[in-house]
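Reader: Could you walk me through how to read this model, one feature at a time?

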Amino acid sequence: MNTTMTETEEAATTSYTHIGKARLRREDPALLTGEARFIDDLTLPAELWLGIVRSTEAHAKILGVDGRAALEIEGVSEVLSGADLAPLWGESALPCAWPVTDDMANPPHLPVATSVAKYVGDAVAVVLATSRYAAADGAAAVLVDYEQLPAVTDIESALATDAPLVHESLGTNKSYTWPLIPNPEAVDEAFANAAHTISERYVQQRLIPAPMEPRGVLASPGVANGELTLYSATQVPHILKVMTAVTLGIPEHKIRVVAPSVGGGFGCKLNVYAEEILCSALAMDRGVPVRWTEGRSEAATATIQGRGQVQHIELAADTDGKVTAVRVKLLADMGAYLQLVTPGVPLLGGFLYHGCYDIPNYSFECTSVFTNKTPTDAYRGAGRPEATYAIERAMDSLAIAVGVTPEEIRSRNFIAADAFPYESSAGLVFDSGDYQTVLDKAVAMANLDTVRTEQTKRRADKSNKLLGIGFSSYVEMCGLAPSRVLASLNYGAGGWEAATVRVLPTAKVQVITGSTPHGQGHETSWSMIVADKLGIDPDDIEVLHSDTAISPTGLDTYGSRSLSVGGTAVFMATDKVLDKARLIAAHQLEANEGDLEYVDGSFNVKGTPTAAVPFAAIAFAAFTAHDLPDGMEPNLEAHVTYDPPNFTFPNGTHIAIVEVDTQTGDVAIVDYVAVDDCGNQINPLIVEGQIHGGVLQGAAQALYEDAVYSEDGQIVTVNLGDYLVPSAAEAPTYRLASHVTPSPTNPMGVKGVGEAGTIAAAPAVINAVVDALRPLGVTDMAMPASPQTVWNTINNVNNEAPGGAS
Amino acid sequence: MIPASFDYQVAESPEHAVALLTEHGDEAKLLAGGHSLIPMMRFRLATPAVLIDVGRLQDLRYINATNGSIAIGALTRHSELEHSKLLAQSVPLLASVAALVGDPAVRHRGTIGGTLAHSDPASDLPAALLALGATIVARGPHGDREIAITDFFTGYFESALADDEMIVEVRVPVSTGGWDYQKFNRRAQDWAIVGVAVAQGGSGVSLVNMGSTPLRASATEQALASGASVAEAATLAAEGLQPPGDLNADAEFRSHLARVLTERALVAAGASST
Ligand SMILES: Cc1cc2nc3c(=O)[nH]c(=O)nc-3n(C[C@H](O)[C@H](O)[C@H](O)COP(=O)(O)OP(=O)(O)OC[C@H]3O[C@@H](n4cnc5c(N)ncnc54)[C@H](O)[C@@H]3O)c2cc1C
């Protein structure tokens with residue numbers, strides 16, 4: 001069933017006009033000309049601005065909130081403490097939808113703290129004012145009296161008996177322990193019999209998602225009818241609607257949530273935040289619109305962060321380097337509270353620590369702890385970049401131990417191309433893939449022979465510009481998710497997606513999707529799919545989304561699910577429309593529907609193309625209803641809710657070539673090759689864009705980004721001068737290729753590509769840095785590999801080496 | 001990220017700007033390119049009550065040759081230095097340093113007067129001007145005065161300018177001897193973690209971000225002058241300095257970088273002992 005890219009391209013060209021072709025995004029003109037409307041561009045009469053007073057302490061009792069000075073400022077109308085606000089939500093807390101174990105500790109999380117502030121950035125009071133300026137001045141003028149408490153900032157000491165407690169009432173900082181150890185004895189046995197064992201510890205630093213547009217909320221009450229319209233820069237308007245209803249007790253049918261143009265999210269807008277609940281509650285209570293726009297520095301602490309884990313990974317292997325078992329103990333940082341899916345994020349990687357290798361014995365255990373820091377939650381890749389990092393770093397160490405190249409150790413362990421569908425030792429069934437062919441392509445593209453010759457030469461010359469080669473072969477689980485699997489993981493919702501395809505009287509088409517785009521180009525891709533199936537022009541199709549009044553059902557965009565779940569729903573709804581159109585055509589042609597074929601936008605009886613009924617005629621017939629088959633409803637539209645039978649499993653091999661300046665510690669990515677298998681591609685241009693951005697985001701974790709906290713819990717990196725998001729100037733020149741093994745899980749054979757680059761890139765870059773420096777004795781490198789860190793690492797090795805530099 | 005409220009006035013001439021400065025005293029700030037001042041205001045690290053906009057004084061945007069030196073108007077943008085043919089011939093170090101400041105947007109707004117008056121030890125152009133031995137012309141209520149650049153930087157973000165003075169011109173001696181600039185940073189648009197400027201084959205060596213002001217690497221200059229090799233001279237680059245430590249580099253690493261970059265800059269400038 002595996003086909004190469006070329007064959008698939010041929011198939012695509014023969015059967016489709018648009019699918020498989022690079023197409024410019026129809027979303028871009030409005031974005032590039034500034035016409036697109038983001039939350040901050042919307043205004044409503046009489047709106048009030050919310051300013052939030054945030055804790056300056058990592059852990060402190062709130063002794064008092066003094067708003068007198070703030071109330072003197074022109075435009076400030078109210079100052080409200082957590083206690084003042086409590087009646088608005090009573091006991092209800094911000095939602096966590098993923099109680100991963102029955103005994104998971106999940107302390108109540110109020111939108112505004114009442115007695116104890118638990119992280120820098122925790123809301124402790126709010127100000128209402130007539131302008132954003134007055135709200136900011138007002139918030140700055142509120143005096144909060146704190147009594148400092150000791151803070152927990154290091155996850156490895158959070159479980160020590162003498163550690164301070166983030167939540168006194170729990171008596172521990174542990175939230176949960178989640179094991180996935182199908183056969184413990186077999187794992188022990190594999191380690192006992194191993195010829196080689198590897199045991200490593202890696203740190204996944206915390207990352208700040210930093211989408212181009214920070215968050216924003218505008219809540220508008222309909223006082224007469226008890227309605228709420230909630231505009232939010234969110235990835236998940238549908239989830240937000242349900243959760244706002246549940247949290248505030250507003251009947252769900254009275255709530256409309258709108259996500260206008262949203263400037264990226266990377267997972268951080270997959271949440272239900274205090275500010276959304278605050279603006280909604282205050283708007284409903286005061287009867288006026290209430291809004292809030294997040295500042296960039298505010299976002300550093302008020303929006304969730306990503307990663308935050310310490311990983312212990314062990315491999316057992318035989319003499320040839322064939323891995324027989326993997327054992328992982330993970331320590332995950334939840335931050336001060338559990339946000340929407342906080343506890344589930346490390347577990348999304350928990351099934352993938354064997355990477356793309358056929359490792360028969362599996363042991364994974366995650367312990368998650370509270371700290372006095374901003375909550376963590378989903379960030380591009382969510383669990384899978386961490387898992388890939390650990391296994392790919394460890395495989396390189398194994399290659400060294402066995403004495404083979406990194407590509408050889410991978411080849412010896414890959415799941416074989418003929419093993420699919422492959423049931424993994426962690427219990428997943430992988431759909432399709434040909435990992436060896438993908439790796440071979442990448443190796444060929446990277447000119448490894450030339451690079452290795454140059455690498456050897458520079459080493460021999462004692463050059464201070466050393467070259468390193470880093471591999472990362474990955475597989476990820478996408479297309480969240482089969483609802484039954486989510487049920488088995490205790491997730492609080494399903495994983496289906498909804499679509500409606502509605503043909504208008506003039507044969508123009510509306511596609512309504514429940515998958516909410518925020519930069520991915522759904523409008524372009526969905527219209528390509530529908531255009532090809534209906535044989536019409538993509539410009540005759542409008543894709544509607546992101547407003548629960550227009551698209552009432554859906555589960556939104558995250559986890560690389562949009563195409564494989566949401567796109568499949570669109571595909572299937574279009575099929576349903578065609579089925580109905582066929583009935584109408586058969587009726588008009590007085591033919592048997594089974595004798596009809598649909599070619600170039602017209603139905604005709606096979607063999608007699610002259611008597612054809614064009615799509616437009618059917619659309620109009622469905623509208624006039626003058627002459628439809630008996631009992632047929634007069635419309636031409638279909639709705640599909642698709643629940644995927646399985647995840648999809650994109651995979652690939654990336655190779656980074658880096659040059660490390662051993663004098664300054666500077667790392668430059670001099671070449672980057674990525675070969676990815678995301679199944680069939682709808683729009684290769686969008687695929688490339690996702691890989692470019694994804695790779696840079698992964699390389700950013702490897703080289704640049706780090707949410708730095710002091711020991712007492714103060715965050716240091718609160719602006720983009722200190723928190724180093726790389727720009728286009730830092731981006732390597734990517735060289736990309738694809739290999740296609742269509743997923744048998746869905747009718748289009750697609751897998752998803754939103755997170756692949758991020759998942760693959762960090763281990764490729766760090767493996768390359770370590771490879772460059774191995775002659776100096778370096779065996780590991782902390783992320784981010786900043787010049788200072790690289791220089792320190794080289795120095796420490798020199799100092800530790802027997803007879804090393806004095 | 002929202003500045004406190006302020007009044008805004010547009011200066012019609014340098015004299016008008018000085019008059020407004022005199023009127024408002026230390027409550028007021030000149031606004032040139034705004035690319036240092038406005039970020040400070042947004043972080044509320046600066047809360048001037050009055051902004052006096054000098055950014056529209058076109059008469060102060062020029063690069064002219066005047067017997068042996070180049071006169072640059074205070075409102076000249078970094079991008080104008082970067083692309084000036086005259087500068088490329090007469091003071092190539094300055095043109096090339098200007099091209100490394102921030103990103104294109106920053107270079108189209110930021111001015112030479114602004115970067116000097118801001119006196120950030122991490123800025124590129126002030127250190128280059130220090131290596132080149134520039135002179136700063138300041139206009140005050142009592143007329144113009146010249147300040148040698150060696151006397152200009154008095155402390156961390158502090159200069160010899162009085163509250164009622166405005167920089168109107170910078171004079172730079174023609175300098176075509178061996179030169180180089182090593183800027184070490186992590187992202188293209190960032191300030192230097194450490195920078196080293198070399199002018200006139202090594203007779204002027206200055207350092208970026210190695211102390212509270214832009215600094216001459218005097219020990220290196222003297223060593224070169226008294227016959228030390230480039231490698232020897234470079235090891236003295238951080239001699240006697242107390243560089244800052246921050247997220248990008250601690251003091252020890254900064255000193256190390258200063259030595260490495262000084263050697264690279266001297267080699268690139270073709271420096272040798274005299
Ligand atoms: C993203 C970014 C990146 C940057 N990167 C770099 C970099 O890599 N290297 C670098 O060197 N700089 C960098 N800068 C700073 C930039 O070069 C500034 O433009 C420059 O430092 C200040 O010039 P300005 O004209 O913008 O001054 P302003 O911001 O307008 O003013 C700065 C100060 O100087 C005073 N002032 C301005 N003009 C005069 C005058 N004629 N007389 C007296 N006082 C005056 C003002 O009152 C104020 O106190 C960066 C800035 C940004 C925003």
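**Reading the features in turn**

Author: Chain B and chain A together bury about 2,200 Å², with 60% of that on carbon and sulfur atoms. Keep in mind that this is a predicted model.

Reader: How many residues of each chain are in contact?

Author: Contact here means heavy atoms within 4.5 Å. On that basis, 21 residues of chain B touch 32 residues of chain A.

Reader: And which residues in chain B lose the most area to chain A?

Author: Those are B:Arg186, B:Arg187 and B:Leu247, which together account for 32% of what the chain B side buries.

Reader: Let us turn to the ligand. Which residues come nearest to the ligand?

Author: A residue counts as near if one of its heavy atoms lies within 4 Å. Of the 30 residues around the ligand, the nearest are B:Leu30, B:Gly34, B:Leu37, B:Thr111 and B:Asp124. By class, the shell holds 12 nonpolar, 14 polar and four charged residues.

Reader: Which polar atoms face the oxygen atoms of the ligand?

Author: For polar contacts, look for N or O pairs within 3.5 Å. A backbone N or O atom of B:Leu30 is 2.5 Å from a ligand oxygen. From side chains, an N or O atom of B:Lys183 lies 2.8 Å from an oxygen atom of the ligand, and a polar atom of B:Ser123 lies 3.4 Å from one. As for cover, the protein hides 92% of the 970 Å² of accessible area that the ligand has on its own.

Reader: Which elements give two or more residues to that shell?

Author: In chain B they are β2 (28-31), α7 (112-118) and β10 (166-173). The largest share, five residues, comes from α7(B).

Reader: How do I read a strand pair, say β6(B) and β7(B)?

Author: Start with the bridges and the direction. Strand β6 (residues 135-140) and strand β7 (residues 143-148) of chain B run antiparallel and are joined by six bridges. The two form a hairpin, with two residues between them.

Technical notes:
Residues numbered from 1 in each chain as written. Chains lettered and ligands numbered in written order. Predicted model: local features only at pLDDT ≥ 70, side-chain atom pairs only at ≥ 80, totals over all residues. Heavy atoms only, no water. Pairing = 2+ DSSP bridges. Helix = DSSP H or I, 4+ residues; strand = E, 2+ residues; numbered from the N terminus. Polar contact = N/O pair within 3.5 Å; in protein donor to acceptor, adjacent residues only side chain to side chain. Areas by Shrake-Rupley, 256 points an atom, 1.4 Å probe, with all protein chains shown as cover. Nonpolar A, V, L, I, M, F, W, Y, C, P; charged D, E, K, R; others polar. Buried area = accessible area lost by both parts, 1.4 Å probe.
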